[in-house]
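Welcome! Have a look at the chains below, and then we will walk through how they fold and meet.

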Amino acid sequence: MEITLTHYLVLSTILFAIGLVGIMRRKNLLMLFFATEILLNATNIGFAAISHYLGDLSGQMFAFFIIAIAASEVAIGLGLLIVWYKRTGKIDLDLMTSMRG
Amino acid sequence: MLDHILSILIFFPALAAMLGFVVAKDSIRAYGITVAAIEFVLSLWLWYAYDPMSSGMQFMESAPLIPAFGINYLLGIDGISLFIVILSTFFTLIGIASLTETRRVKDMIITLLFLEMTMVGVFAALDAIVFYVFWELSLVPMLYIIGAWGGPLRIYASVKFFLYTFTGSLVMLVGMLFMAYFYYQATGMWSFSILEWYRLILPENFQLWLFAAFFLGFAIKVPMFPFHTWLPYAHGQAPTIGSVILAAILLKMGTYAFVRFSLPLFPDASVFFMFPIAAIAIIMIIYTAMVAYAQEDIKQVVAYSSVSHMGVIILGTFALNVEGVSGSVFLMLAHGVVSGALFLLVGVIYDRRHTKLMSEFGGLASVMPRYATIFGIMMMASVGLPLTINFVGEFLSLLGFYKQSHTYTLIAGTAIIVGAIYMLAAYKKMFFGNVTNEENKKLKDVNKTELIGLVPLVILAIWLGVYPKPVLEPINNSVESVIQLMHDKAQSSEAKARIPNLSDAGAMKLHQEAH
Amino acid sequence: MLEPINVSMASLNVATLAPMLIAIIGALAILVIDLAKEGLHKSFYVMVALLFLLLDLGTLVEFGGVFLKNGTVLGFFDVMLMDGIAILSQIIIVAGSMLFIPLALTSKRFHEYNYPEYFALFLFMIAGFQFMVATDNLILVFVGLETASLALYTLIALHNRSKSFEAAVKYFTMGALAAGFYAFGSMVLYAISGSVEINQIATVLAEDHYSNIGFVLVGVVFMIAAFGFKLSMVPFHTWTPDVYEGSSAALAGYMSIVPKIAAFVVAMRLFEFLVHSGVVWLQVILYIGVVITMTASNIWALVQTDVKRMLAYSSISHAGFVMAAILIGTTQANSGLFLYWALFSFTNLGAFTMLWVNRQKNLLPGQSSDHPYEKFSGMIKTMPMAALMMALFMLSLAGIPPFGLFWGKMYMIGSAVSAGYTVLALIMALNSAIAGYYYLKLIIFMFMKEPMVGYEKYYLMNASLSLKTIIGIAAVGTIFAVFAVNPLLEVITRFVYNSGY
Amino acid sequence: MELYLYIALFAPLVGSLYAALFGASPKSYHTGLIASGLLFTSLVSSAILLSYVMGGHTVHVELMTWMATGDLYIPFGFVVDQVSVVMMMVVTIVSTVVHVYSIGYMDHDKGFNRFFSYLSAFVFSMMVLVMSDNFAGLFIGWEGVGLCSWLLIGFWYHKESATWAANEAFIMNRIADLGMLIGIFLVYWNIGSLQYDVVFAEIHNLDQKVITWIGIFLFIGAMGKSAQFPLHPWLADAMEGPTPVSALIHAATMVTAGVYLVIRANPIYSEIPDVGYFIASLGAFVAMFAATMALVNRDMKRIIAYSTLSQLGYMFVAAGLGAYWVALFHLMAHAFFKALLFLGAGNVMHAMSDELDPVKMGGLYKVMKGTAILMILASVALAGIWPFAGFFSKDKILEVAFSSEHYILWGTLWITAGLTAFYSFRLIMLAFFGEERYKQYGFHPHEAYRFMLVVMSPLALLAVIAGWFEHDFVRLVTTLLPGFEFHTHHVELMLIGVTSLIAVGGIVTAILMYRNGPLSTKWEEHFCYKVLINQYYIPKLYNEIFTKPYGALSRFAWKEIDIRIVDATVDMIANAIYKTGENTRDIQNGNLSTMLRWMVIGLVVLLALAVAFTVGYNAIGA
C-alpha cells in the first residue's frame, strides 16, 4: 500500500484528537502539558507532509517554528508548574479552583 | 451674546456647578440660588428677545462636532421649546430656593445644576445626537438624586428608573441611526440635524418601524401605559426636589420629543398609529386615575395623576391639528407647573411629619389654613378648572382630538371626572374632617422658604389660565408650521385628510384680517 | 553547490521591522543594564521602557505618513505588511502600553516591579503583538502571538500570589490548546490553498470558487476557536474572569485592551475576506457568536460580586460587541472597531487604574477577593473625587453620552444599521441596557450606600502621583472624547479604507 | 354703559378678594360689610343696565383674548341683553340679600371672612356665567360656580357629611360638564366659533343630526347643574352647607343655570323640538318625582331642596316646550320666593340650634312671628296662590303644557302643583303651629336679628309682586327670545281655576292633616313612606353600582393589575435575566479541566455545524 498525503493527514488528525482527549481527561498538570505537545506535533506531521506534497517550503518552515514555540512553551509551562508545585505540593487540576463564578 | 445665548444657557449651570465644588458648605445654598436666578433671568431674556411672530427656529447655533458622521452641535429654539426651557430654569430656581433637604446640600445643589444643563440641552438641541446626549445624561443626576436622598426603596427605584428609560432610549438611538442612514442614502451625506431630517419623505413602512423605535424611547420617558410602573417608584422614593423636577420637566422630554420628532418626521405613521396611541392615552387617563384613587400615599396620588395627565397630553399631540398640538404643548407647561407645585406641597407636609400616608392626616385645613388654600388652588388647577393653567391645555387637547374621533374624546373626556374623583378624595382625606392625630395638632403652617417656591407657582397657574396668550401665541405659530410640514409630507390620502392643510386656512385668515 | 542567494537590502526593506525591533532592543537594553548595575529603582525601568515605546510610536507615526502618501509598504519577502490597519493597531498597542506601563509606579511595593525582567518581558510582549498585526503570514502571526502570550503568562505569574499562579497556569494551558487549534487551522488552510499568506489563500480560494467549502470551513472553525480564545468569545472565554482576577489590576486592564486589538486585526484579515466572499456559514456563526458573547457575558457580569471580575466579563461583552464589526465587514464597521477600541482603552485604563489605586497588599478581613463591591460603599462621602472618577468610567463603559465609549457604541451600532443588520443593532443596543445594570451597581455602592466603617484608610492606598496622572489622562480622554472623535474617525477611516477593509 | 357692565361683573370679585385677604384671620365685620356693599354696587349697576336694556339697547364688550390657537378664537366677551340682564338682576338681588343676611347668620362662625370670600366669588362666577357672550365663557362660569358650590357645601369641612356632599356635588356636576364640553366641541368643529351670535346665526345650516347631538350634550350639562334626574341626588345632600348658601346657590341661582343654558341656546333647541319634548318630559317627571320625596321628608332644608328640584322641573317643561320666556319668568319668580323660604329656614335653624327636623319643632309661631310670616308668604307664593308671584309663573307653565297639547305633562304638573302646596304647608304646620314639641327636646328658640328679617323683606315683597309685571317682562325678553303662541284663551280661566283649586286643596289638606302635629309613627312602616324617605333608594343604588364598584375596581387596578401584572412583568424580565446569570454562572466553575472541555466542546460544535452546513450545501448544490 502506498502511503499518500491522506494517510499523513489522517495520522495528524488522529494524533490531534488524542491530544484533545488528553487535554480533556487528564487531571495532572504535567500530563496536560504532554497533551498540548501532542497537539502541536500532530500539526507538525501534517505541515511536513503537505509541504512535501505541494513542494512548498513554507509548511516545513511553519513546522520548525512550531517546534521552537513548543519548546519555549514547555519551558514556561514547566516553570509555572514548578512554582505551583512548590507552593501547593500538588499538581492536581481539581485543586486549582480558588477563582470561580 | 444673543448668538450664543443657548450655549450659555446650557453650559452656564454646568460651569457654575464645577465652580460650586469650591464654595463652602454653608454658602452653597445662596450660591445655588444665585446661579439658578441668573440662569432664569437669562432664559427670560431669551423670551424677551424671541420673536413670537416667526414660527421657525431662532437663536440657531451650529458648530461641527463629528462632521465625518454628520453630527453637529446644533441648537435652536422655537415656540414649542422656548417655554419648556424657561420652565426648566424656573423650576430649578424654585427647587433650589425652596430646598429643605439638609443632608449633603452641596452635592444636591451641584447635581441640580448639572441636571439643569441637561434639561435645557434636551430642549434646545436640534441635532438628534446632541439631543440624545442630553437626554441620556439627564438620567444620571436624577439617578443620584433619587438614589442618594430618597426613601427606603430608593435604590430599587432609582435603578428601575435608570434602566427602564435607558433601555427605551437605546432603541430610540437605533432609530436615530437608522434615520441618519436613510438620510445618507437619500442625499449621500450623513446628517443628524432634525431640520434636515424634516425635509425627508420616508416610505410608509419605514415610517412605521422608525416611529415604533422612537416611540419606545419616548413612551417610557413620558411614561405611557404599560411602561409607567417606574414612575410611582421613582416619585414615591425620590426626595421632594427630585419629584418636582422629574414631574415638571423630565417627563416633558418624552412628550416634547413626540412633537419634535415623531410628528414631523413620520406624518403617515403618526396617522397610522393615531388610534392605537389614543387608546393607550385613554387607558392612561382612566386607568391610572383609578389607580391614583386607590392610593394610600398622597405622593403616589400625585404621581399617578401625572401619568393620567400625560395621557391627555399624548391625546392632544396625536390630534395632529393645531388646536390639539398647541394644547398639548401648553398642557406640558401647565402640568409642569401644577404637578411641580403639588409635589412641593407634598414635600411640605412630609418635612413636618415624615410620612406621606393620607390616613395619618385629616383636618389639616384647620391646622394649616394657608397650606390647605394653596393645596386647594393647585388641586383645582390639576382638576382642570377653567381660568387655571391646566384647563387651557386640557380643553385644547380634547378639542383637538374631537376633530379626529368623537367617541375617543368622549371617553378621554372622563379625565375631568376621574381626575376630580381622586383629587377631591385625597384632599378630603388630608384636609377635611377633624384633627384626629395628636401629632398633627401642632403642625406649623407653610413658612417663608416654602412660600417662595409655592407663591410664584400659584400666580403662574392662575395668570396663564386667565391670560395664556403670551405663551399660547408663539406655541401656536410654531405648531402651525409643524402641522403644515406634516400635511405637506403626508403621502397616504388618509394622512392628508387627517392632518389639516393650513395654507388655505392661513390665507383665509390673512384675508379676514385685512378686512 | 547551492547558488548563493542574492537578496538586496533594499528589497528586504528592513525599515518595516523597525517598530518591533525598537521594542526588542529596548527589552534587551533593560536586561543589559540590569547586568551592569543591579537594584535600580522601578521608576528607571518604567521610564526607559517608555522612551523606547516613544521611539516605537515615532516610527509608527512615520509609517502612517508614508502609508497615507504611498500606500501599503511590504518588507522582508513580503512577510511584513505595513498597511493601514497594521499601523493603526500598532499605534493603539504601543500607545496603550505606554499608558499602562506607568501603572508600575505604585506607592506600595509589588514583587514583580523589582525585576527588570518584568519590563523586558513587557517590551517583548509588545513586539510580539506588533508582529502579529503587521503581517498576513500565518507563521509570523503565530510567532508574534506566542511571543506575546508566553511573555504575558510570565508577567501574570510574576505577581506572585497564589491566585496569580493559578491564573497563569489556566491561561497558559488554555493558550497552549488555542495554539494547537491555530496550528491545526493553519495546516488545513495550507493544505487547501498551498500558502500561508492570507491574501494568497484568499486569492486561491476565490479562484477555486470555494469548491472545497467543507475543508475551508474546517480550517475556519479552528481559526475561530483559536481567535475566539484570544478575543474571549463564548465559550472560549472561560479563562478571562479568572485570569483578570488573578493578575494585578494594571495587567488585567492591559489584557482587556492590547492583546485584543491585535487579535481583532488578525481576525479581520482572516475572516473578512471570507465574509465578503459570501461564506454564509461564517456569517451565521459570527452572528450567533457575537450575540451570545455579548449577551451571556453581560448576564454573567450581572451576578458578580467582585468589581474586577465584573470588569472582566464586561470586557468580554465589549469584545463581543466589537466583534460585530468583523461580521458586518464594511469600512464603516472596521473604522468603528478601531474608534471603539481607542475610546475603550481610555475608559478601561481609567477603570482598572481606579481599581489599582485601591489595591492593598493583602486581602481585607472577611473578603475573598481584592475588589468586592462593598469596598466601594459610600466612597462619595469619603473620597468624592475618586468616586466621581470611577463613576465617570462606569458611565462611559455603560455608554452614557457624551462620555468616550458612547461614541464608539453609537458608531458601531450605526455601522450595523447601515449594513442592514438592524436586528443585530437592536441586540447590541439592548445589551448595552443590560450592561447598564452592573456598571450602575458600582455607582450605587459608591454614591448611595453608607461607607463601611474603618475602610477609609484602604481607599487610594496604592495611589501615587503618576497613577493619579494616569487617571486624569483617562478622565480627560473620556470626558472630552467627543472632540477627539472626529479627527480620530477621519484618520481611522482613511487608514482602514486605504487598506482595503 | 360698559363701565356699569364691568362694575356689575367685577365688584363681587373685588369683594371676594378683599374677604380672602382676611381669610385666615378671625372674624371681622368689615369683610361682610364691604362684600355686601360691593354686591349692592353690582346690583345698582345691573339695575342701570336693566333700564338701558329696556330702552331696546344691548351692551356687548370684549375684554381681551383668552385662548387663540389655530382657528379657535375665544375672547373674554360679555354681553348684556334682555336675557342676561334679567339673570343679572335676579342674581344680584338675591345675593345682596343673602350677603347681608349672612352677616347675621354667620355671626358666630369662625370662618366668617372665608365665607364671604367664597360667597362673593360665587356671585362673580355666576355673573360670568350669565354675562358671557360665548360658550367657553359660559363654561368658565359654569365650573366656577361648581367650585364655589364645592367650597360652600363643604364650608364646615370638619363635618364628614358636608365634605362628602361637597365632593359628590362636584363630581356629579363634572359628569354633566363633560357632556357640556362635548357639546362645545361639537359646536366648534361644526361652526368654527363659540360666540353665541355666530353660532345661533349659523346653527340652522347644520345637519339635523348634528344639531340634535349638540342639543343633547348641552342639555346633559344643564342636567347636572340643575340637578335633573338622574344627576339629582347631590342637590339634597348639598343642604349640608350653611343655609344662606342653600338659598343663594342651591335654590335661586346656580341650579337655574341649566335652565338659563337652555333658554340662552333657544335657537338650537328651537331646531330640535324632539329633544325639547324630551327635556319637557324629563322636567315634568322630575317635578313630580321630587315633590313626592318632599312629602315625607323630615329635614326642613331637604324639603325645600326637593321643592327646588321640582320647580326646576317646571322650568324645564316650559323651556323644553319652547316657551322660553315663561321658563325665565318662573326662574325669576322662583328665585325670590325660594330664597326667602330658605332664609326663613335659616332663621328657624338658628333658633333651634341647627335642628332641622320639623317634627321636633311645632308652635314656633309664637316665638318667631316675623320669620313665620315671611315663610308663609313664600310658601303661598310657591303653592301658586293668586296674586303671589308663583301663581303667575307656574300657571303659565301649566298653560304652556296644555296649549302644546301635551296633556300628560299638564296632568303631571297639575298633580304636582297640589303636592307642592301640600308639602309646603306640611312644613309650615309642623314647624310653626301645633303643640310646642321643641320643649320636649330642650330647645330654646329665639327670633333672629331684626336686620336679618328686614333684609329678607325685599325678597318677600318680590315674592308677592313679581308676577304683576308679567307684561313688562314679556315685552322685555321677547325682543330676544321667541314668543309663545297660547292656544288656550278659550279655557284659560278654567285652567286657572283648576290649578288654583288643587293648590288650595293641597294647602287645606296639609293644614287639616297636621293641625295636631305629626302623623302617627305607624305610617312610617308603610312601604310608600319607606320608598319616599329613602329617595326611591337612588342614593343607595348609586352607592352600590357606582361608588363601591369604582373603589373596588380602583383597588383592583392598583393591587392586581398595576402591581401584579404590569410592574411584575417588568421585574420578571429583569429577574429572568438576573436568574439566568445566577443559574449559569456555574459554567465557570473554576476547574481548568472544565474550561478546557468548554473550549473543545465549542470546537466540536462548530465542526459539527460546519459539516452539517457542507453536507446541506452540497446537497443543494447537487
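## Ground rules

Two residues are in contact if their C-beta atoms, placed from the backbone, lie within 7 Å. This is a predicted model, in which local features need pLDDT of at least 70 and side-chain atom pairs count only at pLDDT 80 or more, while totals for chains, interfaces and linings use all residues. Residues are numbered from 1 along each chain as its sequence is written, and chains are lettered from A and ligands numbered from 1 in the order in which they are written.

## Where chain C meets chain B

Here, 29 residues of chain C and 28 residues of chain B make up the contact. Helices (H or I, at least four residues) and strands (E, at least two) are DSSP runs, numbered from the N terminus. On the chain C side, helix 17 (404–418), helix 18 (422–448) and helix 20 (481–498) each give two or more residues. Helix 18 of chain C has the largest share, with 13 residues.

## Where chain D meets chain B

This contact takes 40 residues from chain D and 48 residues from chain B. Strand 1 (59–69), helix 5 (135–153), helix 6 (160–191) and helix 23 (538–584) of chain D each give two or more residues to the side touching chain B. The largest share, 14 residues, belongs to helix 6 of chain D.

## Chain C as a whole

Chain C has 20 helices and two strands. Its C-alpha trace spans about 75 × 60 × 40 Å along the principal axes. Among contacts in chain C between residues at least 6 apart in sequence, 81% join residues at least 24 apart.
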